[in-house]
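Have the viewer open as you read.

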Amino acid sequence: MTNVLFMGTPEFAVPSLRALVKAGWNVGAVVTRPDRPVGRRQVPSPPAVKRAAEELGLPVWQPERVKDEEFLRRVRDLAPEVAVTAAYGRILPQELLDLPPRGCLNIHASLLPKYRGAAPIQRCLMDGQDRTGITIMKMVQALDAGPIVYQEELAVGEEDDAGTLTERLADLGARLLVNVLPRWLAGEIEPREQDESLATYAPPLCREDEKIDWSQAALAIHNRIRALRPWSGGYTLHRGKVLKIWRTTVEARTGGFGTPGEILAVDRSGVLVAAGAGALWLHQVQPEGKNRMEAEAWARGRRIETGESLGT
């Protein structure tokens, strides 16, 4: 039976691991990142892939560095025919890529060569794309630049956020993996090189990505907020304090709005704020030090008046 080495870390990788096991593949070991402290109390927490692997009764390896000789020795002893990675979180050294005779396949959440990098789902949403997909590629020692083994498109829904789109792409990646892997091992697929002239990049998110720029168009702000949901949310300032914004819609009317960031209306629909082009309805917000709440309740509680500004 073919021996498979699986490498992944977040929830995105879990459906692929489960699909391999369900399809009867012999997953010899699961490699994931070390447990990391999370939350205010900094309690060590295992990655999602570790929890799933333990539930499935699979051996789990958590090396600090995949270049360490001890880890590479364990992979040699395992002698996998192929390695499969899904959001592992590290570029693999050439020595590791060369160990499996059939190479290392990566499940990437974009239609490569678009959105190479760590945050393809969020950057796709920020850019307002209506289509994305999964690419299974053969890994090389360069960022998501390996030859394409298989691709399939997925439509981005208007209501999708980073959470829902990640879940849908993870399920698609799992389905494609178990269909493609037998054909790959049988030598039935000839990978094709990526067109470097079409490459775009999706760098990791940073705090600056969460800051709302009210001079942008309302649709661009809306897309940014849904790209940051459900994990971090976007933020602005109100009366000198941070206000996180979780849910929005774009005002259908055009023209006749105030200066960017100006609060135009407060009603049962929420809070209407002017943008650089158009206006944005805030539906769910989170004041500094508080829980999430409906924007209308926040505005009434703070006695917010039209004409006030956000972002200053």
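What follows covers salt bridges, one arginine, a helix, and then the pockets and a cavity.

## Salt bridges across the chain

Keep in mind that this is a predicted model. Searching the whole structure turns up 18 salt bridges. As background, side chains of opposite charge can pair when their charged atoms come close.

Start with Glu-55 and Arg-18, whose side chains form a salt bridge at 3.2 Å, N to O. This pair links distant parts of the chain, with Glu-55 in helix H2 (residues 48-55) and Arg-18 in helix H1 (residues 14-22), 37 residues apart. Glu-55 is exposed, because its relative accessibility is 58%, while Arg-18 is partly exposed at 32%.

Next up is Lys-50 with Asp-35, another salt bridge at 3.2 Å, N to O. Lys-50 sits in helix H2 and Asp-35 in the loop between strand E2 (26-31) and strand E3 (36-38), so the pair ties together parts that are 15 residues apart in sequence. Is Lys-50 buried or exposed? With 13% relative accessibility, Lys-50 counts as buried; Asp-35, at 30%, is partly exposed.

An α-helix has 3.6 residues a turn, so residues three or four places apart point the same way. Both partners are partly exposed: Arg-73 has a relative accessible area of 36%, and Glu-70 has 45%.

Salt bridges link Glu-69, Arg-76 and Glu-95.

## Arg-123 in helix H5

Now move to Arg-123, which is found in helix H5 (residues 120-126).

What does the side chain of Arg-123 pair with in a polar contact? The partner is the side chain of Asp-209, at 3.1 Å. Setting aside neighbours within four places in sequence, Arg-123 is in contact with Tyr-115, Ala-202, Pro-203, Pro-204, Leu-205 and Asp-209.

## Helix H8, mostly enclosed

Nine of the eleven residues of H8 are buried, so this helix is largely enclosed by the rest of the structure. The buried set includes Ala-218, Ile-221 and Leu-228, as well as His-222, Arg-224 and Arg-226.

Which elements cover those buried residues? Among them are H5, H6, helix H7 (207-210), strand E10 (234-238), E11 and strand E14 (279-287).

The largest pocket has a volume of about 1200 Å³. Its lining comprises 40 residues, with Pro-10, Ala-87, Tyr-88, Gly-89 and Ala-118 nearest the centre. Strand E7 (104-108), H5 and helix H6 (162-185) are the elements that give two or more residues to this lining. H6 supplies the largest share, five residues. Sorted by class, the lining of the largest pocket has 24 nonpolar, ten polar and six charged residues.

The second largest pocket holds about 330 Å³ of space. Of the 18 residues lining it, Glu-158, Glu-159, His-222, Arg-226 and Thr-248 lie nearest the centre. Two of those names, His-222 and Arg-226, were also listed as buried residues of H8. Helix H8 (218-228) and strand E11 (241-250) each contribute at least two residues to the lining of the second largest pocket. By class, that lining has three nonpolar, eight polar and seven charged residues.

## One cavity

How many cavities of 30 Å³ or more does a search of the whole structure find? It finds one. The largest cavity has a volume of about 50 Å³.

Around the largest cavity sit His-238, Lys-241, Val-242, Leu-243, Pro-287, Glu-288, Trp-298 and Arg-302. E11 gives the most to this lining, three residues. By class, the cavity lining splits into four nonpolar, one polar and three charged residues.

Key. Residues are numbered from 1 along each chain as its sequence is written. This is a predicted model: local features need pLDDT of at least 70, side-chain atom pairs count only at pLDDT 80 or more; totals for chains, interfaces and linings use all residues. Side-chain values use heavy atoms; hydrogens and water are left out. Helices (H or I, at least four residues) and strands (E, at least two) are DSSP runs, numbered from the N terminus. A polar contact is a pair of N or O atoms within 3.5 Å; within protein, one must be able to donate a hydrogen and the other to accept it, and residues adjacent in sequence count only if both atoms are side-chain atoms. Contact means heavy atoms within 4.5 Å. A salt bridge is a side-chain nitrogen of Lys or Arg within 4 Å of a carboxyl oxygen of Asp or Glu. Buried means under 20% relative accessible area, exposed over 50%, partly exposed in between (1.4 Å probe, protein chains only). On a 1 Å grid over the protein atoms alone, a cavity is a set of points where a 1.4 Å probe fits but cannot get out, and a pocket is an open set with protein on both sides within 12 Å along at least five of seven lines; lining residues have an atom within 4 Å of a point. Grid points are joined across faces, edges and corners, and a volume is the space filled by probe spheres set on the points. Ala, Val, Leu, Ile, Met, Phe, Trp, Tyr, Cys and Pro count as nonpolar, Asp, Glu, Lys and Arg as charged, and the others, Gly among them, as polar.
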